[in-house]
Amino acid sequence: MRVLGIETSCDETGVAVYEARRGLLAHRLYSQAQQHAEFGGVVPELASRDHIKRLAGLVNGTLDDAGLGKSDLSGVACTAGPGLIGALLAGLVFSGGLARALGVPLIGVHHMEAHLLAPLLEGDSPEFPYLALLVSGGHSLLVDVRGYGDYAILGESLDDAAGEAFDKGAKLLGLGYPGGPEIARLADEGEPGRFTLPTPMRGRRDLNFSFSGLKTALLYKVRDLTADKTLDETDRTSLALALETAIVESLLDRTARALDESGHGSLVVAGGVGANRRLRSRLKEMCGESGVSLYYPRAEYCTDNGAMIALTGCLRLAGGAPGPAAPDARPRWNINEVTPF
Ligand code: KG4
Ligand code: ZN
């Protein structure tokens, strides 16, 4: 069984082929980040148009890399949501046409389920049940993973997602888009303790996240500092460090509580923010101390990619749960609404 995976939910066009027996055979990614950078964030209409431009070339290239032809495919998987409606439609229309022409099923994949299952690309995933911390540009979730497709949301963001906090913070500091990697780069040069920002939700009894207050705290700090001068390099790097620390410590606090309450002995971390090195090392420390096994995919499978879509599509097809023949684009779609398999 070989499935072509297509990801177009935001500003990355990802294509991959996953085979049930041999695993990932090939994957390609085209990032539109540079096109959106001058606008400081993703422009939805530009994103959809560019996906349409890139898809055919990426699919042909990926199949070439894998040494396969289209007739070797048993299914086509495509992100059906959540994401930008136009970007999702671009992928679904393309994938639907291809699947129909080949006479194979089209599998509509939930983007966050694909992030959650991405550690399987490394052949490394815990046994059920386990806890997942999913942190991306659009979502921050703590999920109780009871089986394939069987997810309960334990906590979620009440406002901005963790990645959004990085992106908006970066904008305030005059950095480029996407902000996460930029903040992380600057933070490495920051002076510890020069600035501190409050850790959102620390000690709260629920398991939710909130990052919009942090953005405001940073805004005020920048305003104070720029009242009579411009930000110098040490200010900027140290503010980046304070922001990164506050986000990471908040994620850590919420995750520790969720591990405690659920009693799970394994934790999966995925999604774009899961690529953050400070987050990974702090989680490693925490899990080491509490005897929890930690799993995360390499950074390129944490951020958006086609490999996780091909993998999830292949698992769903093999598990007999490919979903409707013509999946709708679902810009809003909760992970606990997918069908178990
Ligand atoms: O999962 P993803 O690639 O796309 C969505 O599904 O949203 O996540 C993108 C988000 C962006 O907000 C980006 O700034 C953030 O992940 N990100 C990072 C890092 N790499 C990407 N945040 C912190 N540190 C990173 N190294
Ligand atoms: Zn994502």
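Helices (H or I, at least four residues) and strands (E, at least two) are DSSP runs, numbered from the N terminus. The legends below describe a predicted model, in which local features need pLDDT of at least 70 and side-chain atom pairs count only at pLDDT 80 or more, while totals for chains, interfaces and linings use all residues. Residues are numbered from 1 along each chain as its sequence is written, chains are lettered from A and ligands numbered from 1 in the order in which they are written, and side-chain values use heavy atoms, with hydrogens and water left out.

**View 1. Open sheet with strand order S3-S2-S1-S4-S5.** The five strands show mixed pairing (two strands pair if DSSP finds at least two bridges between them). Strand S3 (23-31) and strand S5 (106-110) each have a single partner strand, so one side of each edge strand is left without a neighbour in the sheet. Neighbouring strands are turned by 20° against each other on average, direction ignored (axes are lines fitted to C-alpha atoms, for helices over the stretch in contact, and angles run from 0 to 180 degrees between N-to-C directions). Strand S2 (residues 12-19) runs antiparallel to S3 and is joined to S3 by eight bridges. Gly14 has Leu29 in S3 as its bridge partner.

**View 2. Helix H3 across the sheet strands S1, S4 and S5.** Helix H3 (residues 85-102) lies across strand S1 (2-7), strand S4 (75-81) and S5. The helix runs at about 160° to S4.

**View 3. Zinc ion (ligand 2) and its donors.** His111 (NE2), His115 (NE2) and Asp304 (OD) coordinate the zinc ion at 2.0 to 2.1 Å (donors are N, O and S atoms within 2.8 Å of the metal, or 3.2 Å for Na, K and Ca; water is not among the atoms, so sites may look incomplete). The sequence spacing of the donor residues is H-x3-H-x188-D. His111 belongs to helix H4 (residues 111-117), and Asp304 to the loop between helix H10 (299-302) and helix H11 (307-318); this pair, 193 residues apart, links distant parts of the chain.

**View 4. Open sheet with strand order S8-S7-S6-S9-S10.** Pairing among the five strands is mixed. Strand S8 (150-156) and strand S10 (293-295) stand at the edges with a single partner strand each, so one side of each is left without a neighbour in the sheet. From one strand to the next, the twist averages 25°. Six bridges connect strand S6 (residues 130-135) and strand S7 (residues 140-147) in the antiparallel sense. Tyr130 stands opposite Val145 in S7.

Notes:
Contact = heavy atoms within 4.5 Å.
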